Amino acid sequence: MTDGKRELKMQIRTLLFDFDDTLGNRERYAYQAYEEAVDSVKPGMDPMEKEAILQTCMILDQQGDINKNYVSSALRERFGIDLDVLGEPDFNQWWETNLWKYTELFPDAMEVLTKLRDRGYRLGVVTNGTSYSQHQKLAKAGLDTFFDAVVVSGDLKVKKPDPEIFRYAAEKIGSMPEECAFIGDLFARDIIGAFHAGMKPVWIWPHGQRMMEADCTRIRTLTDLLDLFR
């Protein structure tokens, strides 16, 4: 955590969040969705063979930053499994229609969000994805009416890391960008976009230590936000 802790407490009035892999445990629900897909096209596989396919899926998935037809094509070439048969017209459509069903929050997410709201912070979400998929995820997580503002790239013509979507969220929630902190897990999409929009970025990286030289506040869990924003 950087020395900007006191500054964050004094200036910030609004907290904006990424959803997938920040509030929602995407690593978990993406794995479950891939498992359903593989079981549907090739039931009864040897557990070790299936695990090899699922781990390959998670690597190819790139934390959601890839069209799922690329994953399907790679699996067809490497393992002879065709996931495109699940969707109309393809696996990417199946994914957009079904991933939300497995949505679950990180264990501390609801408690942290509630405490931050009780402390007087305005809260919002800025997330990339289709309108249907992202709004369904929020509803599944019980957050569809929780936030002061929800901004989904699929409802607009811009997406993260374009600073415009961050500024739009600030305006929608009634704050200036400099009054906002943005909490997200992907540096090249969440953190740099919020930075260029004039917000205070907070990088959440729960997967262990990673080298970082930039002067950016970093946390390991959502609970750490309760020390940053009192």
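Colleague: How many disulfides are there?

Modeller: Zero, from a search of the whole structure. Keep in mind that the model is predicted.

Colleague: Is Cys180 buried or exposed?

Modeller: Buried, at 0% relative accessibility. Cys216 is buried too, at 5%.

Colleague: Next, the packing. Which residues have the most contacts inside the largest nonpolar core?

Modeller: Leu15, Phe17, Leu116, Phe147, Leu225 and Phe229. That core has 52 residues.

Colleague: Which helix gives it the largest share?

Modeller: Helix H2, residues 26–41, with six residues.

Colleague: And what does each domain put in?

Modeller: At least three residues come from each of domain 1 and domain 2.

Colleague: Take Leu225. What is it in contact with, leaving aside neighbours within four places in sequence?

Modeller: Phe17, Val112, Leu116, Ile183, Val202 and Ile219. Of these, Phe17 and Leu116 are also on the list of residues with the most contacts inside the core.

Colleague: What is in the second core?

Modeller: It is separate and has 14 residues, including Val126, Ile165, Ala197 and Met199.

Colleague: Back to the domains. Where are the bounds?

Modeller: Domain 1 takes 14–25 + 104–228, and domain 2 takes 26–102. Domain 1 is therefore written as two segments, with bounds that come from an automatic or database assignment.

Colleague: What area is buried between domain 1 and domain 2?

Modeller: About 1,400 Å². Carbon and sulfur atoms give 47% of that.

Colleague: How many salt bridges between domain 1 and domain 2?

Modeller: Two.

Colleague: And what does Arg189 form a salt bridge with?

Modeller: Asp65. The closest N and O atoms in that pair are 2.9 Å apart.

Colleague: What does the salt bridge count come to?

Modeller: 13.

Colleague: Let's take some pairs. What is the partner of Lys115?

Modeller: Glu111, with the closest N and O atoms 3.0 Å apart. Both sit in helix H6, residues 109–118. They are four residues apart there, so about one helical turn separates them.

Colleague: How accessible are Lys115 and Glu111?

Modeller: Lys115 is partly exposed at 35%. Glu111 is partly exposed as well, at 47%.

Colleague: Which residue does Lys160 meet in a salt bridge?

Modeller: Asp190, at 2.8 Å from N to O. This pair links distant parts of the chain, 30 residues apart. Lys160 is in the loop between strand S3 (149–152) and helix H8 (163–173). Asp190 is in helix H9, residues 187–196.

Colleague: Is Lys160 buried or exposed?

Modeller: Buried, with a relative accessible area of 2%. Asp190 counts as buried too, at 0%.

Colleague: What about Arg230?

Modeller: Its side chain meets that of Asp227 in a salt bridge, 3.0 Å from N to O. Arg230 is exposed, with a relative accessible area of 57%. Asp227 counts as partly exposed at 35%.

Colleague: Last topic, Ser131. Which helix does Ser131 lie in?

Modeller: Helix H7, residues 131–140. Ser131 counts as partly exposed, at 25% relative accessibility.

Colleague: What is Ser131 in contact with, leaving aside neighbours within four places in sequence?

Modeller: Val152, Gly154 and Asp155.

Colleague: And how far is Ser131 from Arg13?

Modeller: 27 Å in space, C-alpha to C-alpha. In sequence, Ser131 and Arg13 are 118 residues apart.

Conventions. Residues are numbered from 1 along each chain as its sequence is written. This is a predicted model: local features need pLDDT of at least 70, side-chain atom pairs count only at pLDDT 80 or more; totals for chains, interfaces and linings use all residues. Side-chain values use heavy atoms; hydrogens and water are left out. A disulfide is a pair of cysteine sulfur atoms within 2.5 Å. Buried means under 20% relative accessible area, exposed over 50%, partly exposed in between (1.4 Å probe, protein chains only). A nonpolar core is a set of buried Ala, Val, Leu, Ile, Met, Phe, Trp, Tyr and Cys residues joined through side-chain atoms within 4.5 Å. Helices (H or I, at least four residues) and strands (E, at least two) are DSSP runs, numbered from the N terminus. Contact means heavy atoms within 4.5 Å. Buried area is the accessible area (1.4 Å probe) that two parts lose on being put together, summed over both. A salt bridge is a side-chain nitrogen of Lys or Arg within 4 Å of a carboxyl oxygen of Asp or Glu.
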